[in-house]
Amino acid sequence: MRTRLASATTRAVNAASRRLGRGRGTVAGGRAGLRVDPRLLEHLSAGRQVALVSGTNGKTTTTRLLTVALGATGDAVVSNETGSNMPPGHVAALVGSAATRAVLEVDEVWLPRVLSATGAAAVVLLNLSRDQLDRTNEVRMVAGRWRAALAAAPRTHVIANADDPLVVWGAGAAADVHWVGAGLRWQHDAVGCPSCEGRIEFGAGGGWACRDCGFARPAVEAELVTAADGDGGGAPTAVWADGRRHELRLALPGRFNQANALLAAVAAEACGIDAAVALDAMASVQEVAGRFTVRAFGAARARLMLAKNPAGWDELLDLVAGSPAPLVVSINARVADGADPSWLWDVPFERLAGRTVVATGDRYRDLSVRLQYAEVAHSTEPSPVGAVTQAAGADPDAPDALVDVIGNYTAFHDLLGAPT
Amino acid sequence: MSAGRAALRVAVLFPDLLGTYGDGGNGLILARRAEWRGVDAELLQAVSDAPVPEADIYCLGGGEDGPQVRAARTLIDDGTLVRRVAGGAVVLAVCAGFQVVGRSFPGATGEGHEGVGLLDVETVKGSGPRAVGEVVAEVVAEPVAEAVGLAGVPALTGFENHGGVTALGEGTAALARVTAGVGNGDGTEGALQGRVVGTYLHGPVLARNPALADVLLSWALGDASLEPLDDSAAESLRQERLGAVHRRGRLHRLRR
């Protein structure tokens, strides 16, 4: 009874909030529902197979890929697609749905509570790195909380990135772990051993081990092999320890998305969907919540990309390295971004030297100083749309060239939602 | 050029332990500002499992509690930093790094740890909420600042994020006096002792305060008249940040 009332409240507040034009109406309703029934998430999860996706980077994309994979054989799948990744968002997503399968993106800090409320069948752990410095979510502490929570959930399949020592620590006490060699470009937050505070050493071949205590990369069930790994320059391939191989043909760009797809495939298998079927289903996903969308701004066309922290920027700067397109970099420091953009100095902007770069966003001045010391010539333009137009006009020989745009969270959404 | 030592060596100490808050940028800024003036500068990223290198300027940054304890232990055991400072090397230590080069600092549960002792300061865990936000601090115009060339440095701007309260001992002077934010916890911000500067300001501090960078460079190079650089980007950032703090302050007063 209480759950029915709470569900009705959630739906009513969501509908009202949407009508009033106050956002996408997922958080307010969820909050109201949880006030009526604090165990609403638990009740809404009952009778469903729930999969959770958490980590610092790639949550939204992996959640989308896993949702598509679990629906590959025709089952209805519900997911918190708007990116509201705390319990109000979970409740709002589940409340209107009869789907028997659910895939929920979960904030790293909230994972223990959401795991216990949903009794999830599967948990995907992507990576852990520094994010939003002013919030003091020290990544080691988060890994420790994951470890305790997963140890207390013996019936949950854990699908974890074996290349991230912090993730391995977080998953390491769970009863059933599917280790996946998904890779880890950004290793700067992982050199301190989470087990003994000794030192983790990364080998050239992708292995790692603590020099002081024997904590080391576990043997993997599946791994991603790409041309960069020296495997004959072929297409990126998922390789299982049992001998299976499956080529990845994703519409989404970047090695990090291939890694996300492999983790989703192993999770799909743990949920009863064949991994090859899952990977084929994921191939058709072209954009996730606006990431990699091409949008027109007047005569200019821009490919919009989102990076929220140094690890994410490292991946995207690598992705755009081969492209001659003019680049707009947009930085905000609003609540959702974290108020301290000092992390700009952890991002290897030096790689942009020689390109056409326009700095924009609320904090374009911080970015401009960073680019000056990176010796990257650039112009500044406070208006993000103005910056895209300026970048598009930078090369008179290619007036309709595509502009690459990388923004952090609210900067990305400003451009995604800007009038054309 | 010979394979010999660069004219100026800047070492970022322990990016693997004290690299959480972007403060490694301070080392880059010092090296670039020297190079842009024609000084041959070398920037070293000195990780904690190798001996501390010989350098003219050492930069230490913010970090988490566990690694901070390890950094202090390693620096004390290694001994190079203390020896180099006695020989005239310059140190810029930020946040956790500031606490580490003091006499004592708190660990994760508040327990005391021995610091390197380059600054006569003691830090304990504060009882209030963590200090997180923009800081503005006026450089203290006292004889000590006058003597070392700091007196002309305009208001410092930066972002603090710490739970420590730092008390200055008799052997050390305050770097600045806060006009917005928390700093050391008693109205002062940072510390100055010989050529060792401690501060809670991230940003990084030298990105937002190029005049402070040039004071450190002039100490290390023994040249008090460095030619000016084009700091218009930094000046624009400074004005915007100082203005943002000023606006927020007025808003607070209005609300009260």
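Let me start with B:A31, which sits in helix α1 of chain B, residues 25-35, where helices (H or I, at least four residues) are DSSP runs numbered from the N terminus. This is a predicted model, in which local features need pLDDT of at least 70, side-chain atom pairs count only at pLDDT 80 or more, and totals for chains, interfaces and linings use all residues. Residues are numbered from 1 along each chain as its sequence is written, while chains are lettered from A and ligands numbered from 1 in the order in which they are written.

B:A31 counts as buried because it has 24 C-beta neighbours inside 10 Å; buried means that 20 or more other C-beta atoms, placed from the backbone, lie within 10 Å of a residue's own. Leaving aside neighbours within four places in sequence, B:A31 is in contact with B:V10, B:A41 and B:L43, contact meaning C-beta atoms, placed from the backbone, within 7 Å. B:R9 lies 22 residues from B:A31 in sequence, yet 7.9 Å away, C-alpha to C-alpha.

Turning to chain A, helix α9, residues 255-270, has 16 residues and reaches 23 Å from first C-alpha to last, close to the 22 Å expected at 1.5 Å a residue, that expectation being 1.5 Å times one less than the number of residues.

As for the interface, 23 residues of chain A are in contact with 29 residues of chain B. On the chain A side, the largest share, six residues, comes from helix α12 of chain A, residues 364-373. The model scores ipTM 0.95 and pTM 0.89.

Definitions and conventions
Helices (H or I, at least four residues) and strands (E, at least two) are DSSP runs, numbered from the N terminus. Two residues are in contact if their C-beta atoms, placed from the backbone, lie within 7 Å. A residue is buried if 20 or more other C-beta atoms lie within 10 Å of its own, exposed if 12 or fewer, and partly exposed in between; C-beta atoms are placed from the backbone.
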